[in-house]
Amino acid sequence: MDIIFHHPTFDTQFWLDGMQQQLPGATVRQWHPGDNQPADYALVWHPPVEMLSGRRELKGVFALGAGVDSILSKLQAHPDMLPDGVPLFRLEDTGMALQMQEYAVSQVLHWFRRFDDYQALKQQAKWQPLEDYRREDFTIGLLGAGVLGGKVAESLAAWGFPVRCWSRSKKNYPGVTSYAGTEELSAFLNGTRVLINLLPNTPQTVGIINSQLLEQLADEAFIMNLARGVHLVENDLLAALESGKVKGAMLDVFAKEPLPANSPLWKHPRIAITPHLAAVTRPLEAMEYIAKTIREIEKGESPSGQVSLHNGY
Ligand SMILES: NC(=O)C1=CN([C@@H]2O[C@H](COP(=O)(O)OP(=O)(O)OC[C@H]3O[C@@H](n4cnc5c(N)ncnc54)[C@H](OP(=O)(O)O)[C@@H]3O)[C@@H](O)[C@H]2O)C=CC1
Ligand SMILES: O=C(O)C(=O)CO
């Protein structure tokens, strides 16, 4: 079995050695431009078109992350990049759900205990106890309730918050109220105080967090964008912060990354920023998962994690 690997920033040798250990019978090599030798599987992130195109012999392509929007947008521009019938897989969890839970829970508690307000009071040297927020007024809504959104919803429900989620299909997560489809979006937004985005980037979800959506949230809402920058209309968020409709935002992803130094988001006192690291690929867990999936494919099984090219995620 031959496996080719390309990642613009990962430690390639670490991955070649690791995959070799996971699949001792395989030959794992770094792909270089001009390498047209056969391969059974490709492990990629931002792959050059020529790495994959024409490789009809491939039994699977693995995206080395959870989101496949960059691969799918390249595929749209170069439809022959992924030969017909070659399945595309992505990482399902592999250690990312726990990171998302840490990120979301810590920030929700930060807002719930009003540490943002106390930070502002500290700047003025003001000793001033504030009224507690009540859990029942702190409904948390997950936009996207898949592998990551579902786990984040469950971890927040465990803290006793009212939690709801919105997805295409209905969910059955313990302690989480499920809303599905565009027809239930307004009901989901109505009363949501903290909105956490974990949707994939598809034509249906681009720009979904806009002024019309923000207006439907509870007053003094909080926004956490952990998915993709294109989901959020940044100027609409700034306007909602200005009007007071939104009280604070925590943003990990941006329409343009790195976020340009002149972006007004940097200086806004009620916006917190992290540089797209809410959840990163954990190599050991990812390699174990990819090797397990390859073994299942080799046995003729249908492993989970296959991307639907039709749905775009
Ligand atoms: N900031 C970061 O560091 C990271 C960000 N991400 C981002 O998180 C995203 C989510 O990852 P993951 O949970 O694994 O993805 P999944 O595919 O498992 O979940 C996606 C969820 O979104 C729902 N959904 C998709 N389209 C729509 C729509 N049009 N309307 C309503 N719901 C919709 C799906 O519904 P259904 O369940 O019904 O199909 C599903 O619940 C990734 O695509 C990636 O962009 C991922 C990792 C790290
Ligand atoms: O896996 C993903 O989709 C990411 O955004 C990783 O940072």
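This is a predicted model: local features need pLDDT of at least 70, side-chain atom pairs count only at pLDDT 80 or more; totals for chains, interfaces and linings use all residues.
**Aromatic cluster.** I started with the rings: Trp111, Phe112, Tyr133, Phe138, Phe161 and Phe222 are linked into a cluster by ring pairs.

**Ring pairs.** I then looked up the count for the whole structure and got eleven aromatic pairs. I picked out Phe10 and Trp15, whose ring centres are 5.5 Å apart with planes at 15 degrees; that is under 30 degrees, so the pair is stacked. Phe10 is partly exposed at 24% relative accessible area, while Trp15 is buried at 2%.

Next I checked Tyr179 and Phe188. Their ring centres lie 6.0 Å apart and the planes are at 70 degrees, so I have this pair down as edge-to-face. Tyr179 counts as buried at 16% relative accessibility, and Phe188 counts as buried at 0%.

**Ligand 2.** Which residues surround ligand 2? I listed Gly65, Ala66, Gly67, Met96, Arg228, His276 and Ala279. By type, I sorted this shell into three nonpolar, three polar and one charged. Then I went through the contacts of ligand 2 oxygen. I found 2.8 Å to a polar backbone atom of Gly67, 2.8 Å to a side-chain N or O atom of Arg228, and 2.8 Å to a side-chain N or O atom of His276. Taken alone, ligand 2 exposes 230 Å², and the protein buries 83% of that.

How values were computed. Residues are numbered from 1 along each chain as its sequence is written. Chains are lettered from A and ligands numbered from 1 in the order in which they are written. Side-chain values use heavy atoms; hydrogens and water are left out. A residue is near a molecule or strand if one of its heavy atoms lies within 4 Å of it. A polar contact is a pair of N or O atoms within 3.5 Å; within protein, one must be able to donate a hydrogen and the other to accept it, and residues adjacent in sequence count only if both atoms are side-chain atoms. Accessible areas come from the Shrake-Rupley method with a 1.4 Å probe; for residues, only the protein chains shown count as cover. Ala, Val, Leu, Ile, Met, Phe, Trp, Tyr, Cys and Pro count as nonpolar, Asp, Glu, Lys and Arg as charged, and the others, Gly among them, as polar. Rings of Phe, Tyr and Trp (its six-membered ring) pair if their centres lie within 6.5 Å; planes under 30 degrees apart count as stacked, over 60 as edge-to-face and the rest as tilted. Buried means under 20% relative accessible area, exposed over 50%, partly exposed in between (1.4 Å probe, protein chains only).
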